[in-house]
Amino acid sequence: MSEFFIKKYDQNDYAIWNDFVALAKNATFLFHRDFMEYHQDRFEDFSLLVFENEKLKAVLPANIKGKSVHSHQGLTYGGLLFSSKLKAEKVESILDEILSFFKENSIEAFHYKPIPGFYFSKGNQEIDFFLHQRGALPERKEMNLAVNLQLPLHISKSKMKHFRRIENLDLDIIEEKDFEPFWETILEPRLLEKFNAKPVHSKEEITSLKQKFPEKIRQYSVYQNDEIIAGITIFETENVVKSQYGATSEKGEEVRALDFLFINLMHKYKRKGKKFFDMGIVNSEDEKGYHSGLLQQKEELGCAVYNQDFYKIAIK
């Protein structure tokens, strides 16, 4: 008979956690503790390790806020991570154990944010069904835009027309070692100007993360006559490349340098065998809930909509 044991993560679990994440069926480098903890001052960790007969079977990256547990508010995506050999019924049992653990710890709600399905070719939706069966309700949806690199690219005629024109403008694409030119010259001032916002990661944070994950985080910039005019910050996982940040200067807008960079990177990663190019969400605070301009731009680059679902389950 199976015997489950759940414990909250502490620093003594650093090695076993990271070893498990490295081999899990549905994990990316964002769940490595070195990535999760760059903003530990902003979130109270409530990550869990689930053992069955003393063997680690699953982990849940999570934080707690009030009487609610979230998976995880400081990450782009979250969810229960489990070993590749774990069958669906065992996932169901583990979910029930976690919900019981929450109840024992006076948690009133569990907010669940799964990883978009296209990140894992072997599937990753077992727990969505089991959550539904236990009364989880859809809390919200976000439109996540991505290009399927396994298919022929379908970039709009207008984008390709400008791309061919731009190719003759002597623009240089550079993979940077330093984030300073893009962050200070392009990203921070443009986000402030357009959205009155700051990047989620400071320059110091993204630099530190790059040092810890040098093959997973990359910065590509476009230069014209030695002046930076656009850039994209890339997060690479096994199957997916994600544009974490993309921005251009006014001069870059005039020559459509960001489109030029996106199209070149799509071809680059298609050749490298990546399966999807994730261009992120198009959220907006207005009543429509999405940014029409961003949606159009990404669709014209060949993106399709892959909904990102968010669930909430009351702990009874």
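This is a predicted model: local features need pLDDT of at least 70, side-chain atom pairs count only at pLDDT 80 or more; totals for chains, interfaces and linings use all residues.
## A charged pair to start with

At 42% relative accessibility, Arg 140 falls in the partly exposed class, because that class covers values between 20% and 50%. Its salt-bridge partner is Glu 142, and the closest N and O atoms of the two are 3.2 Å apart.

Side chains of opposite charge can pair when their charged atoms come close. This structure holds 25 salt bridges, so let's look at some others.

## A link between distant parts

Which residue forms a salt bridge with Arg 42? That's Glu 205, with 2.3 Å between the closest N and O atoms. The two are 163 residues apart, and the pair links distant parts of the chain: Glu 205 sits in helix 7 (residues 203-212), while Arg 42 belongs to the loop between helix 2 and strand 2. Glu 205 is buried at 17% relative accessible area, whereas Arg 42, at 41%, is partly exposed.

Gln 40 is found in the loop between helix 2 (33-36) and strand 2 (44-45) too. Is Gln 40 buried or exposed? With 52% relative accessibility, Gln 40 counts as exposed. The C-alpha atoms of Gln 40 and Asn 63 are separated by 9.7 Å, and these residues are 23 apart along the chain.

Eleven of them make up an open sheet with mixed pairing, in the order 2-5-6-8-15-9-14-13-12-11-10. At the edges you'll find strand 2 and strand 10 (172-176), each of which pairs on one side only.

Pick out strand 8 (residues 109-112) and strand 15 (residues 304-314): they pair in the antiparallel sense, over four bridges.

## A network of charges

Back to salt bridges. Arg 218 and Glu 236 meet in one through their side chains, at 2.8 Å from N to O. Arg 218 is in strand 11 (residues 217-224) and Glu 236 is in strand 12 (residues 227-236), so their pairing ties together parts 18 residues apart in sequence. Both residues, Arg 218 and Glu 236, are buried.

What are Arg 218 and Glu 236 linked in? They belong to a network of salt bridges that also takes in Glu 175, Glu 215, Lys 272 and Lys 274.

How values were computed
Residues are numbered from 1 along each chain as its sequence is written. Side-chain values use heavy atoms; hydrogens and water are left out. Buried means under 20% relative accessible area, exposed over 50%, partly exposed in between (1.4 Å probe, protein chains only). Two strands pair if DSSP finds at least two bridges between them. A salt bridge is a side-chain nitrogen of Lys or Arg within 4 Å of a carboxyl oxygen of Asp or Glu.
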